[in-house]
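Thank you all for coming. I would like to walk you through one model this morning, so please have the sequence and the picture open while I speak.

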Amino acid sequence: MSEENGSGAVLRLAEVTKVFGSGAAEVTAVSGASLELKRGELVLLMGPSGAGKSTLLQLCGALSRPTSGSVWLDGVDVTALTESRLPEVRLRKVGFVFQAFQLLANLNALENVRLVLEAAGHAGADARARELLGSLGLDHRLTARPATLSGGEKQRVAVARALANDPPLILADEPTGNLDSKSGAAVMDLLVGAVRERGTAVLVATHDDRVRAVADRVIRIEDGMLS
Amino acid sequence: MTNIAWRNLLGERTRFLISVAGVAFSVVLVVILRALYWGVIDEATRYVRTTGADLWVAQEGTPGDFLQSRSILPSTDQFRIEAVEGVAHVAPLLSRPVGLRLAGREADLFLLGVAPGSDIGWPANVRRSGRIPARGTIVIDKVFAKNFDVKAGDRLPIGPNGMEVAAVVGGGNAFAYQFAWANLADVATIAGVDGFVSYYLVDAAGSGAAGAAEVARRIPAQVPGTQVFAGTELADRNADNLREGFLPILWVLVIVAFVVGTAIIGLIIYTATLEKSREYGVLKAIGFSNRRLYSVVFQQSLLAATAGYLLGCLLSVVLGPAIERIVPVFVTDIRWGDIVFAGVGALGMAVLASFIPARPVARLDPAEVFRA
């Protein structure tokens, strides 16, 4: 069973190590990582390609299990949960924003957002999705398919989807990576807004030095080790 | 409610239409084959079931399949049968298959000679109309008439002087050949038999079912060399024999239709799922459980199968009568039971087809979305 960690942190990693492969092919992607994110905190995770940023995000989002150590999400030790319980944790406790947007091509903007609300059993999913997209300036693009949206619009829809279930934690992987500077800045403003207005904790893995200014904290990762 | 399955199907219309067509093809095959099966059995046994006779008296040892049996009884037996207690009326029946050439084609008829004064033995609509054919005339079945473009008033090259078609009626299509009815004396001349008939049709009027059974026991006891069948027994045996020949082939074709339908829908849903694996990975990452994803895959299969089933039923209803018009010998009888049977089959196809992509969905690693 999960246990409350009592620290008040939204995300807590304790001595987390992730090893891929075995024997001669063994690769340590993350080594002894410990970190905490509190409510209302925006933290950047920076480091060169292959440093372990994506692996760390996977561990933080309960998408992957650590080889050793513990991951606590909103007070729940996800490493102690069975595989079948992890989707529910991800649905309710984590919002994801990806570099490639990862919207469902056959659904329009409204449906992409409404989908996660319905999955969580949210009453008034449609109204909530409309409200969210409206607040992100997309009320005129509700029925547009992802293929017809600009990069900036797609990422705003993705942010709306991440915020939909009001998760305590948002994990963003290079959210400005595929955007021009103006759109990138707008997306970062949305994430900052979530931190300030909702008290969401946001962990952003990025190469983009331009976003450094909005961060409360910057954590560096190199060769799988945090510094 | 956002229906991902429906949106995915609509997003891949060609693929959706192919899977719908695959299921529809299977449903049409199943429904039409079953309809032909019922139609053929019903048609092939209709005359025997509707002669109006309570009992059929045949030569002892006759197997009891009217279409396959040959029975010979002396004409003198008629008076002995009429003398049996409970017998109200006896009608002799003489059967004789005949072959003839019509418009350069071979034609087969199963000629039945009935005594003109009898009110049993003639096809039901002849009895109802009271227009018993005169000597030298013949009543033919409508399927035969259509196959060889024969109509009332035409002469058929049967017997030494030929026979004029007196009427065209339904209820005489035995699939392999059709019945035709004529005066007993004419058929005796054509068959070259004198003093013999094939069967005696017995009206045990007023005896009731129990009484008819008692009459059936009395006749062989009082008329040696005879055997008695109940009114529907010959028809039932005909139907049984047709089933034995028909059903194994039918089931093989039904199974083939099911496998083809399942394979088409399964492969299409499988390839569609593989192509959408990135999106399934995204759904898994944002919190969809394997069960919820299976449900999306199953819904896709179910929607395609349901659309295919409805299309298949519609096509069957249209095709059944069309087949009858094109090939009159193929009578179709679409029954609700077969529509339900095809529906259960389509549901089975959907369930099996959704199992095929279940494994790749289960094995999707949600962490892959970070590597895209």
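This is a predicted model: local features need pLDDT of at least 70, side-chain atom pairs count only at pLDDT 80 or more; totals for chains, interfaces and linings use all residues.

Chain A contains six helices and ten strands, where helices (H or I, at least four residues) and strands (E, at least two) are DSSP runs, numbered from the N terminus. Its radius of gyration is 17 Å, close to the 17 Å that the globule rule gives for 227 residues, so chain A is as compact as a globular protein of that length; here the radius is taken over C-alpha atoms, and the rule is 2.2 Å times the number of residues to the power 0.38. Along the principal axes, the C-alpha atoms of chain A fill a box of roughly 55 × 40 × 35 Å.

Residues are numbered from 1 along each chain as its sequence is written, and chains are lettered from A and ligands numbered from 1 in the order in which they are written.

As for confidence, the model scores ipTM 0.90 and pTM 0.78. In chain B the mean pLDDT, which is the predictor's confidence in each residue from 0 to 100, is 88, and 98% of the residues reach 70 or more. Among the elements of chain B, helix α4 (residues 124-129) has the lowest mean, 80, and strand β2 (residues 73-74) the highest, 94.

Let me return to chain A, where 50% of the 227 residues count as buried. A residue is buried if 20 or more other C-beta atoms lie within 10 Å of its own, exposed if 12 or fewer, and partly exposed in between, with C-beta atoms placed from the backbone. Of the contacts in chain A with a separation of 6 or more, 72% join residues 24 or more positions apart, a contact being two residues whose C-beta atoms, placed from the backbone, lie within 7 Å.

In which order do the six strands of the open sheet in chain A run? The order is β6-β7-β8-β3-β9-β10, with mixed pairing, and two strands pair if DSSP finds at least two bridges between them. The edge strands are β6 and β10 of chain A, each of which pairs on one side only. β6(A) pairs with β7(A), residues 169-173, in the parallel sense over four bridges, and within that pair A:Phe96 stands opposite A:Leu171.

B:Leu55 leads us to a strand of chain B, for its bridge partner in β10(B) is B:Val202. Strand β10(B), residues 199-203, has five of its five residues buried, with B:Tyr199, B:Leu201 and B:Asp203 on one side and B:Tyr200 and B:Val202 on the other. β10(B) pairs in the antiparallel sense with β1(B), residues 55-59, over three bridges, and also in the antiparallel sense with β3(B), residues 89-102, over five bridges.

How many residues does each chain bring to the contact between them? Chain B gives 20 residues and chain A gives 25. On the chain B side, α1 (4-11) and α9 (277-285) each supply at least two residues, and α1(B) gives the most, with four.

Staying with α9(B), seven of its nine residues are buried, and what covers them includes α2 (86-93) and β6 (94-97) of chain A together with α8 (233-275), α10 (290-326) and α12 (358-363) of chain B. After α9(B) comes B:Gly287, whose phi is positive, near 120°.

Finally, two aspartates. A:Asp223 has a positive phi of about 55° although it is not a glycine, and it sits in the loop between β9 (217-222) and β10 (225-226) of chain A. B:Asp149 likewise has a positive phi, of about 50°, and B:Asp149 is exposed, with 9 other C-beta atoms within 10 Å.
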